[in-house]
Amino acid sequence: KAVMEERGSARDAMKGEIIKIGASIAYLTSATSKAIDFESAMADVRKVVDFESPEQFRAMGSDIQKLASRLPMTAEGIAAIVAAGGQAGFARKELLGFAEDATKMGIAFDTTADEAGQMMAQWRTAFKMGQGDVRGLADQINYLGNTGPANAKKISEIVTRIGPLGEVSGVASGQIAALGATVAGMGIGPEIAATGIKNMMLALNAGSSATKSQLKAFD
């Protein structure tokens, strides 16, 4: 009986050790997998961003990890946004700020950071903006979404669809956002709202070449 009890205690102790070892292996496997994902994401960054030295590349990786420690986004997710910014031709010194803005905008607009980053990149091109101006536009849209019936995500979709036409028609980004918020606030979907605003802007841009019926309507 004493021998059997001793063996039972030994088995229980062994089970406990096996559970601990299993937990350690699971943790190490997860950590290794995350490290591999991050290295893969940084390899994409290296392809599209010009680094003057290996030290600059390592510093970028370190800065991305620090950013991940204070934002609700994984390091590999932030690296992917940085890579997207690099591919869009943004200056290296702007990339971390771009990634941080995209992450924050994704949270505020109830969308993903990837989608937010894509919209920001399109706004920069369409309105010929720097990152500071894009951040200002995002703040304007967020304000309109918080104070009106249309949410920020719908307004930002309209701004993105109309963006390339804004410069042609001489309409500022903030004005487009306000128009989008007004029309979307009436319950009209982003695609239809954008088409309607585009048509209005093109008609106003016609100037002296406007048709008689258009001139009558404007009167």
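Tutor: A residue is called buried under 20% relative accessible area, exposed over 50% and partly exposed in between, with a 1.4 Å probe and protein chains only. This is a predicted model, in which local features need pLDDT of at least 70, side-chain atom pairs count only at pLDDT 80 or more, and totals for chains, interfaces and linings use all residues. Residues are numbered from 1 along each chain as its sequence is written, and side-chain values use heavy atoms, with hydrogens and water left out.

Student: How does Ala80 count, as buried, partly exposed or exposed?

Tutor: Ala80 has 39% relative accessibility, so it counts as partly exposed. Ala80 belongs to helix α3, which covers residues 75-87; helices here are DSSP runs of H or I with at least four residues, strands are runs of E with at least two, and both are numbered from the N terminus. From Ala80 to Gly106 there are 26 residues in sequence, and the C-alpha to C-alpha distance is 14 Å.

Student: How many helices and strands does the protein chain have?

Tutor: The protein chain comes to ten helices and zero strands. Buried residues account for 36% of its 219 residues.

Student: What is the radius of gyration of the protein chain, and what would a compact globule of 219 residues have?

Tutor: The radius, taken over C-alpha atoms, is set beside a globule rule of 2.2 Å times the number of residues to the power 0.38. The protein chain has 26 Å, whereas a compact globule of 219 residues would have a value near 17 Å. Along the principal axes, the C-alpha atoms fill a box of roughly 105 × 45 × 25 Å.

Student: How many aromatic pairs does the structure hold?

Tutor: Rings of Phe, Tyr and Trp (its six-membered ring) pair if their centres lie within 6.5 Å, and planes under 30 degrees apart are stacked, over 60 edge-to-face and the rest tilted. The structure holds two such pairs. Phe51 and Phe57 are edge-to-face, with 5.3 Å centre to centre and 80 degrees between the planes. Phe90 and Phe98 are also edge-to-face, at 4.9 Å centre to centre and 80 degrees between the planes. Phe57 is buried because its relative accessible area is 13%, and both Phe90 and Phe98 are buried.

Student: Where is Asp110, and what is its phi?

Tutor: Asp110 is placed in the loop between α4 (92-108) and α5 (113-127), and it has a positive phi of about 60 degrees although it is not a glycine. Asp110 counts as exposed because its relative accessibility is 66%. Lys128, in the loop between α5 and α6 (131-147), is likewise not a glycine and has a positive phi of about 55 degrees. With 62% relative accessibility, Lys128 therefore counts as exposed.
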